[in-house]
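This report covers charged side-chain pairs and nonpolar packing in one model. The sequence and structure are shown first.

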Amino acid sequence: MRWQPVDPRDVADRLAELALGEPAGLVPDLAGPTVYSMGELARSYLAARGKRRPLLPLHLPGKVGRAYRGGDNLALGERTTVGHLSWEVYLAEHTGAHTAGSRTAT
């Protein structure tokens, strides 16, 4: 499974912009700047916390599993607003850890 985490500050900024602006109707989705696998997120979180845990792959069956494997939960289209703050920044700020580099969108 892949995820596109968005920083809460990017969400707050976008909500304030929409609330204070003119009526906009349906607006573009908001997504984080980078797509990560669940394994990448888990490994980076554990590393930032200084922990080691075994990670086991999980196969999610059925329609929901197919949707996640197909990336249906990702906002990759042209009608997407992309946040500015990465998972690495969020993780470093919330764990005090410095992560190795910051990925850009994939």
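The whole structure of this predicted model contains 3 salt bridges, a salt bridge being a side-chain nitrogen of Lys or Arg within 4 Å of a carboxyl oxygen of Asp or Glu. Residues are numbered from 1 along each chain as its sequence is written, and side-chain values use heavy atoms, with hydrogens and water left out. Local features need pLDDT of at least 70 and side-chain atom pairs pLDDT 80 or more, while totals for chains, interfaces and linings use all residues.

| Salt bridge | N to O distance |
|---|---|
| R9 and D7 | 2.9 Å |
| R9 and E93 | 2.7 Å |
| R14 and E17 | 2.6 Å |

D7, R9 and E93 are linked in a network of salt bridges. R9 is partly exposed at 36% relative accessible area and E93 is partly exposed at 46%, whereas D7 is buried at 3%. Here buried means under 20% relative accessible area, exposed over 50% and partly exposed in between, with a 1.4 Å probe and protein chains only.

R14 and E17 lie 3 residues apart in helix 1, so about one helical turn separates them. R14 is buried, at 15% relative accessibility.

The largest nonpolar core has 5 residues: Y36, L41, A48, W87 and L91. Such a core is a set of buried Ala, Val, Leu, Ile, Met, Phe, Trp, Tyr and Cys residues joined through side-chain atoms within 4.5 Å. Helix 2 (38-48) and helix 4 (87-95) each supply at least two residues of this core.

Conventions:
Helix = DSSP H or I, 4+ residues; strand = E, 2+ residues; numbered from the N terminus.
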